[in-house]
Protein chains: 2
Amino acid sequence: MPKDTFFNLDGAKQKKIFEAAVDEFSQRRFSEASINQVVKNAGISRGSFYQYFDNKEDLYLYTLKQIGKEKLNIIGRVGELKPDADFFDGYMYMFRAALEWSTAKPEYYRIGMLMELDDSRFVSELRKASPEGFLMLKGMLEKDMQLGRIRDDVDAGLVVDIIYTLNLYLLTQYFKEDNKAELTEKAEEVIRIIKEGIVRK
Amino acid sequence: MPKDTFFNLDGAKQKKIFEAAVDEFSQRRFSEASINQVVKNAGISRGSFYQYFDNKEDLYLYTLKQIGKEKLNIIGRVGELKPDADFFDGYMYMFRAALEWSTAKPEYYRIGMLMELDDSRFVSELRKASPEGFLMLKGMLEKDMQLGRIRDDVDAGLVVDIIYTLNLYLLTQYFKEDNKAELTEKAEEVIRIIKEGIVRK
DNA sequence: ATAGTATATGACAGGGTTGTCATTTTTGGC
DNA sequence: GCCAAAAATGACAACCCTGTCATATACTAT
């Protein structure tokens, strides 16, 4: 947690530091991100930084928390908005929402992606501790299984792992191309494959 | 390419350096691997290293090449061994072979995995330049499509991307658990899902 | 044995990183 | 205006890293 001195700062300065952190963490993985860069971008001295935060982890946690607030507001409401959508529609809704959001706040999104790619001890633990997206998908899938919409001999956890993995793949792979339409199509095709299989019947 | 001085070394010393490189590159991604570690493990001086290799890239390339020789020998013969297997059987065959190999030479396998995870410029380029596994899978799939075994409205490239991605996921995710039986089951289940879909018909 | 070549070495320069701390500056209350 | 408390600062120690280079050692062939 940031120290009091940080929260005593006026809003503009807090924001400037937050933005510098976002900038850095959206370009490099946590393990490679440099506080030197952050302080440079924020226009504060190295000494000041350590008066605000304990260390890089502290700053990272703070940054994620800030972003998390916005993120959950936008993406986390699939259940509310589409109460009786099936799993596949639910996922696509989520996917579209995430994509919109990634267009609005690409840096935030990149941080999330880099976090998934990071294999440092700290970030791995962190990821394990907050499996929101994963659990939401799993819940949706299990509901559909109970409703008999999904074959009951599949392993729900594995299916969600699969979709989660492919989701990340889609976003990383096609992120740079910046072609929302094409990306959405790919996602739909992926879902259709998971849903129907690829074998000719 | 390593310098002449390296190839002039007696076999044992070459091997020791190779093994030190394997050790390092199987623990850290290329971008994070340290030559200091390599020279320490190999028991040579820093100066000597640069008498043998231009730099870290040079050593990495050499290491991959050495490993590649063995790898292709074991895994790359799916076509020969199972000439009329379908795509799914072919994949599972490959998967099992890869798994066997990863048990025999876990360090080599880890290097491959870390390479997939690396996003440094150099490694990305390198990966693009040698898409053996990817192309083999794609070839097998296209053959099956021509034979009418696969729905012809699916995008072969995408399907292979999916399987490739999930393959990597399976191996990274369950690597540490070291439970071959369970891992193989998961792979089979993944393939079954891709093949049949998960929706109740 | 000697001369010349090939190889081995570690100190070095120059770059990066983090976290600390004595000192200076700013701020706010009286 | 003054003073104490809070905040800002950058130099510093300590630790990484890479690639070079002058020097020392070993080898080889005459």
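**Contacts with DNA strand D**

Q: What makes the pair formed by S48(A) and a phosphate oxygen of DNA strand D a polar contact?
A: In this predicted model, a polar side-chain atom of S48(A) lies 3.5 Å from a phosphate oxygen of DNA strand D. A polar contact requires N or O atoms within 3.5 Å, so the pair qualifies.

Q: Why is the pair formed by Y50(B) and a phosphate oxygen of DNA strand D called a polar contact?
A: A polar side-chain atom of Y50(B) lies 2.6 Å from that phosphate oxygen; the cut-off is 3.5 Å, and therefore the pair counts.

Q: What makes the pair formed by G47(A) and a base oxygen of DNA strand D a polar contact?
A: The base oxygen is 3.4 Å from a polar backbone atom of G47(A), and this distance falls within 3.5 Å, so the term applies.

Q: Which helix gives the most to the surface near DNA strand D?
A: That helix is α4(A), with 4 residues. The residues of this surface comprise 5 nonpolar, 10 polar and 2 charged.

Q: How do you know that helix α2 of chain A has close to its expected span?
A: Its 15 residues reach 21 Å from first C-alpha to last, and 21 Å is expected at 1.5 Å a residue.

Methods:
Residues numbered from 1 in each chain as written. Chains lettered and ligands numbered in written order. Predicted model: local features only at pLDDT ≥ 70, side-chain atom pairs only at ≥ 80, totals over all residues. Heavy atoms only, no water. Helix = DSSP H or I, 4+ residues; strand = E, 2+ residues; numbered from the N terminus. Expected span 1.5 Å × (residues − 1). Polar contact = N/O pair within 3.5 Å; in protein donor to acceptor, adjacent residues only side chain to side chain. Nonpolar A, V, L, I, M, F, W, Y, C, P; charged D, E, K, R; others polar.
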